[in-house]
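Subject: A structure to look at, and some notes on its aromatic rings

Hi,

Please open it and follow along.

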Amino acid sequence: MWVLTNRLFSCRKSITLCKLSPFSSVSAALQINSFTEQEPLSVWDNSDSIQHFVELNAFSVVEEILHGVRKEPNLALSFFRQLKDRGFQYDVNNYLDIVIILCDSGQYGILRSLFFDLIRSKEDHPSFEISFLFEALSERYEDKGNGDKSNPLVCTLDVLVKVYVSLGMFDEASDALFQIRRCGILPHVKSCNYLMNCLVECGKLDMAVSIYQQLKRLGLSPNVYTYAILIKAFCKKGDLLKALDLFLEMDEAGITPDAYTHSTLIDGLCLHGLSEKGYEWLKEQRGKGIPIDIFGYNAVIRGFCSETRLHEAEDVLHDMGRHGVLPDVYSYSSLIHGYCKDRNLPNALALHDEMVVKGIKTNCFTVSSILNCFCRMDMAAEAVDTFQKFKDSGIFLDEVAYNVVIDAFCKMGKVEAAVELLDEMKSRRLVPDTINYTTLIYGYCLLGRLDDAKSVFKEMLEMGPEPDIITYNVLVDGLSRGGFAQQAVRLLPYMEDKGFKANDITHNIILKGLCKEGRVKEAEAFLEGLEEKCTDAYSAMVKGYCEAKCTRDAYGLFVRLSTHGTLVSKKACSKLFNSLCAEEDLESAFVVFEKTLDLGKGLSLIVYSKLIAAFCRSGNMSHLTKAQHMFDKLVQHGLTPDVITYTTMMNGYCKANCLQKAYGLFLDMMERGIRPDVFTFTVLIDGHQKVNLRRGEGKTLDILSLCSDMAEMKVKPDIVFYTVLIDGRFKVDDVDGALKLFGDMMDIGLTPDTTTYRALVSSFYIRECGEDCEGQESAVCAVNAAVTLSGLVTLSCSSFSTCVLRGMQNARLTVRKGGSSDIDTGTLYRELYGKLSCEFLNFNNAMMLVSLALYVYASFENTMVDVQSHLPPECYMSAMFGNNLLL
């Protein structure tokens, strides 16, 4: 088609007559714009009038050209953009023409691009307002109906709203949406829905509700999606009652909620910890014949997982399958992630296998959860192997999955393998981010390879990505751990130059590092120099003092802070408790305990248990009273003592001969439903035996009662339990009872250990030798005790050696007390050998035992040469070897 304009003739020779085809119109129009930029010809007296006249005609020519190519939108847009690139500034009518062309041809994506350019280049057109465009559109299409999507005005408005939203210009989007009514046109409800939904997703909930209210005031009818979006908004606000009220409003408006609407409410309930209510709503609607889609089921699964109710979540997974809703990867991944978070790796892997068997392809999020779980459970090697299997199967693995395995390699000390994995990421066109590089720096720091860590850090500075505050903290920590805390301090100004101000974590690392190096004074000066001294900094100083073995300084700082109402962190308190208890400064530990409670801070069950154990160990009745006070406070603060804490308290009372209080705790424990274990019964029985022995009583009534309770509760005895009973029977001279217990222990498959044999041997030794036996006689009597014992129970060579050692040690103790040390080792050797060779036909065994006994005894008395002269070389060597084994 040829386009010809007669208007150009009036410009005489200023503008050459142009014939423009659809394919040459662009170049022709460009000539028009260039004419407008030339100086006017001399035949015109008024140059300003000429220029103005030419420009007016230029706009008209553009309008006619666009009209001529209105059926060819791509060509029209090409012409429009090229002319604009040459500097031509369009008027409202020109924009109106191109907008109509794009709307009529359904080129909404191009129209979006056009509005993007127009909004971004607002500075270039300060006099042009988009509202002018809509006024022109309303004049041209005033006969079209309100909200009619075929109306280019409504269509253009819809596109403009989406452009504003994509640019984050929500106020402008709202203004455009509702100011159009001044043109006599109402927006389409879908445009309102789009804006409302985007506002909800961005957290602008009140503004979304305001849009809904304006929509109602304009007389627009909300549809089911409008209500679903509004329900989502109220659910996010936590106003669940208003969300439920909307269902009544929908019913009054004759709108039936669809599956998405119900799922939106279910999701809202689950987000606020009401997963049980959400599941009940789902089942209620399902019972009414309303189909609930997979989104609703997945919301319930996610909700139960976030509440760590994993078994209920798995029940929902199987329930949806029974009702014809097939689970997808998101159904499984939520539950797998839940099990991984709970460190239940077997269930996570079983679910993953089930998902794959059903033909559901896994994703990188699920894989990352599994790999991370391996690492959290200190199974770094398994994480690496699993990663390789997933990679070999062709599953796409993202930067997160790679980073988990890079971290695993670093924890395994295989930093070179981590570097290779980083290079592999690059080869797969995955761009390593700050986290990947920071993990690598951490790995080098763990190995103490600080130069390599610095090299990676330097690479980040030169090549990117930019390090963040975590990267700096990791490097500071590495320097501090490596004994270079002063270098870490010098890194702080460099951080600030790069725009990263050291935070509390940075300060804490440096304080701890300085104290660890023994630079306590420097740490104190560093703390004093901080502009803001927060609780974390003081906590770090307390921990640092403890690391530097300056427990009294830590205690002093704690007391000063607590006096002013400031309490250090729980970890710092725990560290201080441990240090004070290790140094047996229990009185100070009790002061820390009291001040902590006075400031309204609770302690963990672990801290309570450690403190109670320390106070019970001392055997001091005053300390035991304080241990009981701590125990009572533990209960008052809503904590439930576990079996270890109860047993510790019982043991303390038993040592102090307070059996009634110990047994009272046992009954209290039973009332609370805490099941005693074998250690609990062992402590009580041992306490009863020792008290009965001190009183000269051989009563077994209480002990038998405890044994009966133990059997009734099906608590299995162990070696320690039997050893305590055997020792108790021997001490009341009940040899038959002791040997019967020994036989019972063997019958149930328990193998006696050294302690058990020592109890047997010691008892027979005393029977054989008496308490006053000493010197050479002691050693001989020990063998006699072993021989006697061997006739009653089966003893191994090691048991005999234990007997002989007992005799030798007793002889040594006697010498230390001032007894005679003149022992004829030759005579002793022959006598011991004669005794043992009668019991052990194997010459080597007998020789081994005698050599061992003599060697150990002589080593105590520094007479090695004398003993060696009485032993053949092979016997002496066996003695050396046996001594190393036994001792």
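Let's begin with Y663 and F666, which are 3 residues apart in helix 36 (residues 659-671) and so are separated by about one helical turn. Helices here are DSSP runs of H or I with at least four residues, numbered from the N terminus.

A word on the source: this is a predicted model, in which local features need pLDDT of at least 70, side-chain atom pairs count only at pLDDT 80 or more, and totals for chains, interfaces and linings use all residues. Residues are numbered from 1 along each chain as its sequence is written, and side-chain values use heavy atoms, leaving out hydrogens and water.

In total there are 14 aromatic pairs (Phe, Tyr or Trp rings, the six-membered one for Trp, with centres within 6.5 Å; planes under 30 degrees apart are stacked, over 60 edge-to-face, the rest tilted). F593 and Y608 make an edge-to-face pair, 5.8 Å centre to centre with 80° between the planes. This pair links distant parts of the chain, joining helix 32 (residues 586-598) to helix 33 (residues 605-617). F593 is buried at 0% relative accessible area, and Y608 is buried at 1%; buried means under 20%, exposed over 50% and partly exposed in between, using a 1.4 Å probe and protein chains only.

Y663 is partly exposed at 28%, while F666 is buried at 2%.

Finally, F590, F593, Y608 and F615 form one aromatic cluster.

Enjoy exploring!

How values were computed. Helices (H or I, at least four residues) and strands (E, at least two) are DSSP runs, numbered from the N terminus.
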